[in-house]
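Look over the sequence and the 3D structure below.

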Amino acid sequence: MTSAKLFGICLRICGERQTAEDVLQEIYLTIWRRAPSFEPSRGSPVAWLATIARNRALDWRRANHRPALETLPDHIGRSAGEPADTALLADQSLLEEEVDTRLRDCMEELDGRPRAAIRAAFLDGLTYSELARREAVPLATMKSTIRRALLRLRDCLSDDA
Amino acid sequence: MTPEERIDAAELALGLLEGEERVTALERVLAEPEFAAELAWWRSRLEVLHAEYGPTEPSAALAGRIEARIDAEAGVTAATRNARRWPWLVGGLAGGALAASLAALVLTQTTPAPTPVPSGHQVEGPLLVAALVPAKGQVVAPVAAVVDHGSGIIRVAALATPRGRVAELWRIGADGVPRSLGLLAVGGATRLTLRPRTGPDLGDTLAISVEPSGGSPTGAPTGPVVATGVLSRG
């Protein structure tokens, strides 16, 4: 994993460069502090780093004023809408030996809309209310749509597991 | 656990919840082991999505700022820094005979290629970060180490040692011979300055042994090797 990859996570979730750089600094500090708690038996260091990066970026979003819908970076608006974006793009340099095709296959079985919403929740850090605003649907509708999709995803991931 | 409850955990793993709902879910993680296990299940399944984040280069100056923060955190004075070093790479490595396993972060510059300069000057080179993990049978916690290959400065996080003993840091290169890099501070982080370009390099093993006060009397590790990790590009 490169710093560019970690920075890519920060930038996508935080939405602006300066903030993303501040968050990236915190991420490296966190790695420095938390190395003692890393458990090699519980996962790869790559996933550990990416998880720290995403969590710190999400912490920032929660603690700060979230961007209004109008000011969300273009990629956020795009990511849930365009069909092309639903294709999973594996980064060859990352997770090369641990690509979980199972999740990919199961995501593909979902309808396009909830699939895009689930991806946007994970990758962009969007919450139910942000997804509902963006799709211009009632919050309750967004929730039930996603929950139904997650149930299907859970079933699919459990099959033959 | 009902299917609905499993989806509650998925919502938390995805980051869909906010405010009260999120607080309630987090409380369940603490109170209900089954819920916590379901959350962990979802997180490990979703991990693969990390691969979809595209890389973006941060500014070149950021590496220096991060090093300064680590120095401040570790209580050592600011090191010689080189703002052009970047980016960090990480590699997970298979454990050797001594290592339970290890994690290593590797920092290399993007541009330009390293230019050898006379010793005593700054040298462009990779900045390596490793988590040294316990050797088999040892109970120490993993320790982070940052190696600035250019300036020859190694920073190692604090490591607990038995009273009257010291921790000694070793580099084991391709020849398999341990060479002492120095003693670690007792009760705090350490910064060691090596002669320029004496490594360690990618692929070298860093190891920490517990030695008598004053360090190994023989020039080779005499006490137990408590932690070890290999620097690699993964």
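In this predicted model, residues R147(A), L150(A), L151(A) and R154(A) of helix α8(A) meet P3(B), R6(B), I7(B) and A10(B) of helix α1(B). By type, the residues of this contact comprise five nonpolar, three charged and no polar. The two helices pack with their axes 10 Å apart, at an angle of about 105 degrees. Angles of 65 to 115 degrees count as roughly perpendicular, so α8(A) is roughly perpendicular to α1(B). In an α-helix, residues three or four places apart point the same way, because there are 3.6 residues a turn.

| Helix | Chain | Residues |
|---|---|---|
| α8 | chain A | residues 139–158 |
| α1 | chain B | residues 3–14 |
| α6 | chain A | residues 112–124 |

Helix α6 of chain A has 13 residues. From its first C-alpha to its last it reaches 17 Å, close to the 18 Å expected at 1.5 Å a residue. Is α6(A) mostly covered or mostly open? It is mostly covered, with 11 of its 13 residues buried. Among the buried residues are P114(A), R115(A), I118(A), F122(A) and D124(A). After α6(A) comes G125(A), which has a positive phi near 75 degrees.

Chain B holds four helices and 10 strands. Along the sequence, the pattern is α-α-α-α-β-β-β-β-β-β-β-β-β-β. Of the 234 residues in chain B, 46% are buried. Where contacts in chain B join residues at least 6 apart in sequence, 60% of them link residues at least 24 apart.

How values were computed
Residues numbered from 1 in each chain as written. Chains lettered and ligands numbered in written order. Predicted model: local features only at pLDDT ≥ 70, side-chain atom pairs only at ≥ 80, totals over all residues. Expected span 1.5 Å × (residues − 1). Buried ≥ 20, exposed ≤ 12 C-beta atoms within 10 Å, placed from the backbone. Contact = placed C-beta atoms within 7 Å. Axes fitted to C-alpha atoms, helices over the stretch in contact; angles between N-to-C directions. Parallel < 35°, antiparallel > 145°, perpendicular 65-115°, else oblique. Nonpolar A, V, L, I, M, F, W, Y, C, P; charged D, E, K, R; others polar.
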